[in-house]
Amino acid sequence: MSHRHIGTYKALTQDNTSTLSMINQISNYAFNLGLPLRRWTKDLDVSLLKKTNKIRPSELRTIRTLEADFNQNAALRFSKRMMQAGLDHNAIPESQYTKKGNRSIEAAIDKNLYFDYLRTMKSNGAFLAMDLENCFDRMAHPISSLCAQRLGVSPSISKCMITSLCKMKHYVRTAYGDSDWYYCGTPSKPLQGAVQGNGAASPMFVAISCVILAYLESNTVGVSVLSAITLTLFTISAIMYVDDSDILIAAIEENESKESIRDRAQQSATIYSEGVHQTGGAIRPEKCRWYSISFKWINGIAKYDY
């Protein structure tokens, strides 16, 4: 909104004066004191097509264009420093693949290995694909702050981020130009979420997901695999990449029935949705699926029981 785009700051790197250094110092003071600059609390909403010819408002993706220096600091302090601190202290579970050193394809490979394990062992199981609704826009601010501090973000930096989001005035851009009016929350009912386009949004959700995964794993039994050579016990309850979560369940005993597996799948889905709800999120039912995997023996040959 201030017309200071990222190119403005890139150009200043070629300036021999101390202008860029002064701007950085002001940003550091704002975050370290927990007091955002006034221009940081204005943003311009731009709605983009997610799919061709899908122009209904519910089918668009709204991106918030924030101030460039604010967004750069958000990415630095949350995406880089917080995530690195979480990795250094093993505070991010292996089940969350949105972290440095992991790739999205690895989550897909692990899911395939899970299906291979069930097929090889002829073990009953269940697979639940859980998707969340507008995860970045629904994160409750108190939970977001606490979870970020759990991964090493100082209270003042967290306060600066949450205060900016609470005071944010949202202007709207359409084909007819930028609006003169804006919408915002109120002191008694502030808007929640970290908004799409914020460099801190994804890291803050990862911080929340760490707590959700810990809650799920402490209350359910997913898959336990004993390696053949080292006899190492490997356990996993879910595979998560940002907000896309897949809950994995395998039989605890050799003869565990598919009815028992179904009940455990329902329990896992309930526990997961409860954890998501407590953080301000919500399950998106139309994009959630579950599959029962079981086998039957016919003349000594195992076949899928459809």
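R284 forms a salt bridge with E286, with the closest N and O atoms 2.9 Å apart, where a salt bridge is defined as a side-chain nitrogen of Lys or Arg within 4 Å of a carboxyl oxygen of Asp or Glu. R284 has a relative accessible area of 25% and is therefore partly exposed, given that buried means under 20% relative accessible area, exposed over 50%, and partly exposed in between (1.4 Å probe, protein chains only). The structure is a predicted model, in which local features need pLDDT of at least 70 and side-chain atom pairs count only at pLDDT 80 or more, whereas totals for chains, interfaces and linings use all residues. Residues are numbered from 1 along each chain as its sequence is written, and side-chain values use heavy atoms, with hydrogens and water left out.

The protein has nine helices and 12 strands; helices (H or I, at least four residues) and strands (E, at least two) are DSSP runs, numbered from the N terminus. The C-alpha trace spans about 80 × 45 × 40 Å along its principal axes, and 41% of the 306 residues count as buried. Among contacts between residues at least 6 apart in sequence, 70% join residues at least 24 apart, a contact being defined by heavy atoms within 4.5 Å.

Salt bridges in the structure number 13. In general, side chains of opposite charge can pair when their charged atoms come close. One of these bridges joins the side chains of D137 and R64, at 3.7 Å from N to O, and it links distant parts of the chain, since D137 belongs to helix α5 (residues 135–138) and R64 to strand β2 (residues 60–65), 73 residues apart. D131 is buried, with a relative accessible area of 7%, whereas K287 counts as partly exposed at 45%. Elsewhere, salt bridges that share partners join R39, E67 and D69 into one network.

The side chain of D43 does make a polar contact of 2.4 Å with the side chain of H170. A polar contact is a pair of N or O atoms within 3.5 Å; within protein, one must be able to donate a hydrogen and the other to accept it, and residues adjacent in sequence count only if both atoms are side-chain atoms. When neighbours within four places in sequence are left aside, the residues in contact with D43 include M1, R64, M168 and Y171.

Another buried aspartate, D246, is placed in strand β9 and has a relative accessible area of 9%. Its side chain is joined to that of K111 by a polar contact of 2.8 Å, and, apart from neighbours within four places in sequence, the contacts of D246 also include F127, A129 and I239.

Helix α4 (residues 104–121) has 18 residues that should span 26 Å at 1.5 Å a residue, and its end C-alpha atoms lie 27 Å apart, which agrees; the expected span is 1.5 Å times one less than the number of residues. Within α4, A107, Y114 and L118 are buried. Seen down the helix axis, the buried residues of α4 fall within an arc of 30 degrees, so they line one face of the helix, the arc being that of the directions from the axis to the C-beta atoms. These buried residues pack against several strands, among them β3 (125–130), β9 (244–250) and β10 (289–293). The helix is followed by K122, whose phi is positive, near 55 degrees. Helix α8 (residues 201–219), with 19 residues, reaches 27 Å from its first C-alpha to its last, close to the 27 Å expected, and its buried residues include M204, F205, I212 and L216.
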